[in-house]
Amino acid sequence: MPVLKGKELRIVGFLCNWCSYGGADTAGVGRFNQPTDLRIIRVPCSGRIDPLFVVKALMNGADGVLVSGCHPRDCHYAEGNFYARRRLEIMQRFLPVLGYEAERFEYTWVSASEGQRWQQVVASFTDQIHKLGPAPKIIGPQAADTLNQMAAAL
Amino acid sequence: MKIGVFVCHCGSNIEATVDTAAVAAASREFPDVVFATDTMYTCSEPGQDEIVAAIKEHNLGGVVVASCTPRMHEQTFRRTVERAGLNRYLFEMANIREHVSWIGKDRESNTNKSVDLVRMATEKLMRNRPLYSKKFDINKRVLVIGGGVAGIQAALDCADGGLEVVMVEKAPTIGGKMAKLDKTFPTVDCSSCILGPRMVDVAQHPNITLYAYSEIEEINGYVGNFEIKVKKKATYVDWDSCTGCGICMEKCPSKKATDTFNEGIGKTTAINIPFPQAIPKKAKIDPDFCTKIQKGKCGVCAKLCPSGCINYEMQDEFVTEKVGAIVTATGFDLFDWSIYGEYGAGRYPDVITSLQYERMLSASGPTGGHIKRPSDGKEPKNVVFIQCVGSRDKSVGRPYCSGFCCMYTAKQAILTKDHLPDSQSYVFYMDIRAIGKLYDEFTRRAMEEYDTKYIRGRVSMIYPQGDRLLVRGADTLMGAQVEVDADLVVLAVGAEAAAGAGELAEKLRISYDSYGFYMEGHPKLKPVETNTAGVYLAGACQGPKDIPSSVGQGSAAAAKVLGLFSKDQLESDPQVSVVDIKRCIGCGKCIQTCPFGAIKEMEFRGMAKADVIETICQGCGICTSTCPQGAVQLQHFTDNQILSEVNALCRF
Amino acid sequence: MKFQEELKDSIRKALPDLDVVLGWCGSFDPLHATPHFIRREEDIDKLEISPLSVHNLATYLPGLRGKKVGIVVKGCDSRSVVELLQENLINREDITIFGFPCTGVVDQAKIKKALGHAGNVRTCDISDSAIVIQTEDKAHSLTLTQMLADKCRTCRYPDAIISDYFVGDKIGEPAPLETDYAALEAFESLSVPERFGYWLKELDRCIRCYACRSACPLCVCRDHCAAESRDPHWLSQENNVRDKVMFQVIHAYHMAGRCTECGECQRACPVDIPVLMLKQKMNREIRDIFQYEAGVDPEATPPLLSFNMEEENITEKEW
């Protein structure tokens with residue numbers, strides 16, 4: 001469905017199955033209200049998340065991307081989040097050169113029991129993305145379409 | 001693929017804030033969706049039957065259920081589609097309860113979001129492939145780590161159930177903390193009288209192999225087929241021939257060795273047997289105190305040993321054991337109370353821990369069961385017990401209740417009166433937690449029959465006055481300052497995770513909480529399982545526990561192991577990584593990053609290629625995101641499956 | 001070059017044990033060189049080393065795996081060899097490396113710009129300081145340092161890091177003509193929409209020829225590049241700028257911790273898209289976080305294939 005205009009922005013979450021997805025479930029069970037922008041993709045481990053998924057999401061029109069895994073030292077697979085931390089950090093620092101604010105992407109750690117922390121993370125990340133506003137979107141096959149619209153917007 | 005979508009109301013749990021009929025209607029417009037409906041309770045029997053019927057009627061190739069979290073019902077519905085003849089992996093869930101209906105009340109946004117999640121699930125489902133488990137043999141031996149009461153119980157139950165058991169204990173004797181206790185609450189029966197026979201059973205059981213004074217060096221493998229490397233620490237005594245006669249101990253001239261078993265009350269000899277009932281009853285040398293090992297002189301024990309088993313050159317030895325399951329029963333350690341300046345931070349010899357006091361009460365302890373002040377050996381008259389030392393105290397990072405201290409303090413107060421009828425005991429407490437069977441009656445007895453003075457409040461200061469200790473505290477019930485002249489102060493130190501718990505958890509690949517206690521699989525429904533298949537928990541390693549609970553968990557863990565081993569073969573999870581041999585360039589990056597050593601290099605037509613060992617692969621997918629070639633793909637979470645989800649959500 | 005004859009002697013000595021030696025020779029006009037595959041004794045004489053020896057010949061090595069290969073390397077090329085060794089993509093015992101002290105190679109795009117539409121090149125004389133090019137109508141004298149490739153203006157490794165034969169005198173660590181990443185930093189100071197628009201505008205020219213990939217010594221997927229693959233299906237085959245940008249991001253990320261900034265991707269681009277900047281950005285971040293530089297030590301573990309429990313230079317967001 002299209003993004004609800006004026007109400008929501010498109011935020012994609014990649015969550016590890018063992019900790020953060022469980023944390024988001026815990027937040028749900030606790031009825032901790034959250035903004036509705038975020039859509040969650042479940043992966044087994046934060047180490048499974050190819051940072052290129054983040055770019056793919058942004059280039060396909062996401063306004064923000066959030067990754068969450070188990071806390072360091074608490075990875076179900078022992079080391080996945082340690083690799084993830086390095087790779088995601090690199091990608092976060094890389095994004096600005098492409099013309100995306102680094103703040104459009106965040107990664108964090110939420111355990112299965114931290115429902116409240118999850119609520120806090122979602123609320124504050126959604127707020128962060130709304131403050132940035134919609135990300136630039138690529139329209140049409142040629143650059144001119146997008147560039148003209150950007151010029152018009154400016 | 002023909003896809004059917006079932007949108008669950010979950011009673012009003014979802015329907016109240018999501019228009020499920022609208023979600024179903026929107027789903028019908030998605031590619032490949034041929035059937036969509038909303039149902040009241042999809043997980044109920046009629047709900048599941050509806051899925052089965054629809055699969056048959058519409059010849060569905062895959063099913064999406066939009067309902068609760070897959071962590072709740074994924075297994076349920078996988079069985080449902082399997083019942084209708086589909087492969088269990090041709091199924092996806094959209095979590096519209098925990099992630100939608102329960103976290104917001106805006107029906108428009110929720111409905112819109114639910115549609116997105118269903119779309120995402122259908123797009124992924126289109127790229128799902130049937131996956132099949134492989135069967136593999138299991139090794140029906142079990143490793144029990146830790147020989148305390150929980151480990152002993154688990155080991156004996158497993159051994160009696162016909163399993164071969166390997167027990168590894170890091171101390172020179174099994175028995176754990178319970179072996180150090182004099183009496184147990186609330187029955188005040190003798191600890192070693194009830195534990196001793198169990199320890200002997202372990203030693204004599206034909207199915208149990210015991211490695212005492214040994215540690216786990218390395219754990220490899222997976223459920224059904226673990227390979228354990230055990231480090232047998234050097235004892236400098238050949239245990240095969242040691243008879244435990246104790247002559248070496250009688251004659252050893254070095255009498256200043258730390259007496260760990262007696263909690264440092266008194267000293268022991270450099271070569272020693274921890275206590276008379278030790279299992280195994282074998283001597284070991286403490287090399288730090290042995291004159292022969294330190295200075296090359298002495299050798300008295302070697303000269304006197306009737307079986308000639310002293311070997312000053314002994315080295316650590318490693319043995320490998322293969323098992324199919326592991327019970328972790330590593331227990332707890334005591335909080336280091338010297339952080340508390342108000343209790344003297346360890347400066348006053350007559351302020352001791354509850355476990356030191358326990359050794360003092362024990363007839364086989366260093367004082368022969370006589371209560372004596374460590375400073376001058378005199379019998380105390382006033383004994384002050386302070387509870388919650390390192391429990392329920394945020395300021396020292398121990399906000400949790402250790403659970404058993406209230407009870408053992410009451411027991412120690414009772415025993416004090418039994419030993420010294422003229423004595424008077426005082427207990428400073430926060431709350432009395434006596435929730436077990438006969439527990440509250442027991443604490444009442446301590447107060448009423450044994451005249452123990454319970455003072456509700458904390459101690460603010462202990463300082464020496466003459467040869468006594470002045471204990472100053474608050475009585476919060478009276479709203480007054482209290483001062484007690486104490487001859488002996490006993491601190492009810494709390495439990496903390498055993499030293500080295502973290503390192504062992506990393507070897508076991510299980511998780512632990514912020515205090516180092518191991519995490520159970522589910523706080524209510526999986527109390528002895530962990531999230532690593534084939535690894536179980538028993539006793540206080542999972543959280544502070546008293547003896548009956550530890551024993552109960554020991555038996556529960558044994559029951560789990562026996563249940564696991566009731567099959568001859570296990571099924572592997574097919575959600576593992578698979579290498580596409582034509583894409584693989586043999587660079588070995590996946591091998592380098594796999595945390596489980598599940599990928600090996602193999603040769604294929606003269607070229608190096610990666611090869612995943614299915615039974616070792618745990619399905620994390622680190623290799624998949626490492627491989628730039630996309631040559632190794634985690635099944636059910638392939639790049640294409642995740643990309644299709646991204647594309648479903650972000651459509652320019 | 002002074003040591004050219006010495007180099008030929010070394011190759012002559014080694015050639016009997018080798019299937020092929022990779023070097024450079026003259027090309028279609030005096031201003032260009034081309035890769036030269038020396039298989040026989042008589043091929044050796046054609047070898048020419050000059051500031052026109054722009055190609056990174058390490059690109060050929062993975063494809064020649066299993067053969068005994070000699071390769072002539074500039075300092076920067078040798079880093080690619082180191083990287084290939086580190087990644088297990090070539091065997092050290094199969095490779096014979098000939099190193100020389102490199103004083104820099106030209107950027108043909110800069111020369112083209114300086115010459116304008118000048119017609120055919122008749123002669124090209126390169127001295128230590130100047131390039132004199134005789135075209136159909138007149139002689140152009142260009143200052144060599146100004147024509148050098150950007151990577152040479154910041155070069156810190158003029159001598160081969162690894163070699164079996166080294167001819168000439170080593171230069172050691174020279175004083176770079178420019179500071180690293182100056183252009184990148186200037187770009188980063190642009191506004192967000194400017195940066196976003198820049199890549200759309202530049203990559204709009206992309207014809208998806210993938211010369212950048214073919215020239216890259218570390219693009220080793222051969223026939224299975226993400227650009228054309230359907231499994232995994234990262235990119236469509238449509239002619240759209242989104243996929244063109246995405247491909248460059250994929251290339252840059254796949255190079256993270258591996259790229260030695262040899263610049264072949266950008267040099268090979270027929271439409272002069274400044275794609276190297278993306279890799280430089282990745283590299284600078286890797287350097288800042290992990291103090292790591294690719295292609296220096298064949299035994300090193302690259303940062304993205306390892307971790308520390310506590311990361312000194314990573315500060316996570318507080319929520």
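Reply: Of the 319 residues of chain C, 55% count as buried, where buried means under 20% relative accessible area, exposed over 50% and partly exposed in between (1.4 Å probe, protein chains only). This is a predicted model, in which local features need pLDDT of at least 70 and side-chain atom pairs count only at pLDDT 80 or more, while totals for chains, interfaces and linings use all residues. Residues are numbered from 1 along each chain as its sequence is written, chains are lettered from A and ligands numbered from 1 in the order in which they are written, and side-chain values use heavy atoms, with hydrogens and water left out.

Me: How many helices and strands are in chain C?

Reply: Chain C has 11 helices and 8 strands. These are DSSP runs numbered from the N terminus, with at least four residues (H or I) for a helix and at least two (E) for a strand.

Me: What is the radius of gyration of chain C?

Reply: Chain C has 20 Å, which agrees with the value near 20 Å for a compact globule of 319 residues. The radius is taken over C-alpha atoms, and the globule rule is 2.2 Å times the number of residues to the power 0.38. Along its principal axes, the C-alpha trace of chain C spans about 65 × 50 × 40 Å.

Me: Is C:Asp169 buried or exposed?

Reply: C:Asp169 counts as exposed, because its relative accessibility is 67%. C:Asp169 is found in the loop between strand E8 (165-166) and helix H6 (182-188) of chain C.

Me: Now chain B. How many residues does chain B have, and what share count as buried?

Reply: Chain B has 652 residues, of which 59% count as buried. Its secondary structure comprises 18 helices and 34 strands, and its C-alpha atoms fill a box of roughly 90 × 70 × 40 Å along the principal axes.

Me: Which residues of helix H14 of chain B are buried?

Reply: In H14(B), residues 501-508, the buried residues are B:Ala501, B:Gly502, B:Leu504, B:Ala505 and B:Leu508. They cover an arc of only 160 degrees around the axis, which puts them on the same side of the helix. The arc is that of the directions from the helix axis to the C-beta atoms.

Me: Why would residues in a helix point the same way?

Reply: An α-helix has 3.6 residues a turn, so residues three or four places apart point the same way.

Me: What covers the buried residues of H14(B)?

Reply: The cover includes strands E6 (141-145), E11 (214-222), E18 (325-328), E28 (495-497) and E29 (535-537) of chain B, with contact meaning heavy atoms within 4.5 Å.

Me: Which residue follows H14(B)?

Reply: B:Arg509 follows H14(B). Its phi is positive, about 60 degrees, although B:Arg509 is not a glycine. B:Arg509 lies in the loop between H14 and E29 of chain B and is buried, with a relative accessible area of 15%.

Me: Where does B:Cys388 lie, and what is its phi?

Reply: B:Cys388 lies in strand E21 (residues 382-389) of chain B, and its phi is near 55 degrees, a positive value in a residue other than glycine. At 7% relative accessibility, B:Cys388 counts as buried.

Me: Lastly, which peptide bond to B:Pro280 is cis?

Reply: The bond from B:Ile279 to B:Pro280 is cis, with omega near -5 degrees. In chain C, the bond from C:Asp231 to C:Pro232 is cis, with omega near 5 degrees. Most peptide bonds are trans.
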